Amino acid sequence: MVHMYRAVGLIGLFGGSENRVSAVAIVSVAMSAFSIVAFPGSPTAVAISAPIPFLLSAALIDGFDRVGRLARLRRSLLFSAEDITSLRVLIYAVVGLVCALATGALSNGGTFLVGIAVSSLALSALLVLALLRSPSTARAVLVLPFVWVAALLFAAPTESQWGPALASVPSELWTITGTVSLLIFVVFDARRARFALGKDSFHAARQ
Amino acid sequence: MLLVNDVTKTYGKKRALDGVSLDFPDGVHALLAPNGAGKSTLIKLLATLIKPTGGEILYDGVNIADLGADYRDLIGYLPQDFGFYPSYTARRFLRYIAVLKGLDHRRIDARIDEILTLVALSDVANKKLKTFSGGMLQRIGIAQAMLNDPRILILDEPTAGLDPKERARFRNLVARIARDRIVILSTHIVSDIETIADWVVLLREGEVVTRDRPEAIRGSLDGRVFETPTLALLRNSDLLVAERRENDTTVYRFVSGGQGAAGVAVPPNLEDVFLATFRDAS
């Protein structure tokens, strides 16, 4: 992965996506700020907003790339669209983790909400990875942020019932579960990239 | 040598390719077929965009699925409906593709200069792609495909939508870059490949109808192509393939459906063969 990043750099990773990267950053900051200010201490608000940078990145950058007119060509290149996506989602996961930790910490709910934020990010990351495994389902990442928000908004009215149940679970358990899930995500994503590239691929790269 | 060995590709119940076997030595190979005959499917298989349902594709004896990225490093591919980033300049776009092709960063700018010269676009290297004509964009398409100096160049309907002048320019460009490499070009425009193809493959309904040298394919209609100014002389079994004006007279060109014909025998061309082969489909 490191070798691939050195080979393609930011140009290869996000070339042609500059406007969409900006849009993701703006929407993510706006949603997180709104969530923190409008719903302090709400597990639902944290669960919705924590993975938004990750989900929007996957949708607006990789989802759009898969339906864009350059998609066919990019799949035939040495560093194919699938390889680039594998590396990108790791970057989204790192950035997403920082954002999730910040959202959880600033939501005035202590370590419990930090755990919820990390778990929520981990779950969404695993969902994205599962969808990206097959070309037939990969396009679904385009709508995943909307499905995610809609599902949690649907659950929000009953928060008084399930919120205390979640809060009764030790916050360390949330953090550990979320972190382990993210680690699983990283391992699977890296394996996927390795398979996509082939075992000797880096010998072929003209570095 | 690229070898397609008994390859089948199905989409649900539809069989897009059915037991296709072909070999591709160095030279220009034209896949000639009407729309929907399977040539784009074959191109996608060769470009690794899809996998065969059955059979295998070998490069120098190794399955391209096993070669993985090493195979992708050998190919240059120009898709049908070639996409681009309109706000990018030609140079910036080529640099982006060069990075994804794994070119040495120190060599990229020099290689882009070489390629832009090859496709005669050096003077517009810093112009945005949205200002380019269709023909110029296709040349950028060829340029990106050539960046890694590919052993196998795959061009899917490269002249669709181009005017005759740009098509002629494109033909000359392909002829120039075809030396010492495998060029596979799919088209349904016969005149695009008449003068540049070393091998012609005719595909119909997912199967190879014939694969031979252009002169041999033309030869299959020797003595069966005629011209006459009198349309009434054509029989029901004859196939009218062209008509043209000559000295205020319309001359009808046809492929005889039986023995002899009332007209002047003329040398057949690939278009005659194409139309005769696909008369049922058309």
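Reply: Two residues are in contact if their C-beta atoms, placed from the backbone, lie within 7 Å. By that rule, 24 residues of chain B are in contact with 27 residues of chain A. This is a predicted model, where local features need pLDDT of at least 70, side-chain atom pairs count only at pLDDT 80 or more, and totals for chains, interfaces and linings use all residues. Residues are numbered from 1 along each chain as its sequence is written, with chains lettered from A and ligands numbered from 1 in the order in which they are written.

On chain B's side, helix 3 (69-72), strand 6 (75-78) and helix 4 each supply at least two of the touching residues. Helices (H or I, at least four residues) and strands (E, at least two) are DSSP runs, numbered from the N terminus. Helix 4 of chain B gives the largest share, four residues. Sorted by type, that side of chain B has 13 nonpolar residues, four polar and seven charged.

Helix 4 (90-100) of chain B turns up again in the cover over the buried residues of helix 5 of chain B, and so does helix 6 (134-146) of chain B. Those buried residues (20 or more other C-beta atoms within 10 Å of their own) are B:Ile112, B:Ile115 and B:Leu116. Residues three or four places apart on an α-helix point the same way, because there are 3.6 residues a turn.

After helix 5 of chain B comes B:Ala120, with a positive phi near 60°.

Definitions and conventions
Buried ≥ 20, exposed ≤ 12 C-beta atoms within 10 Å, placed from the backbone. Nonpolar A, V, L, I, M, F, W, Y, C, P; charged D, E, K, R; others polar.
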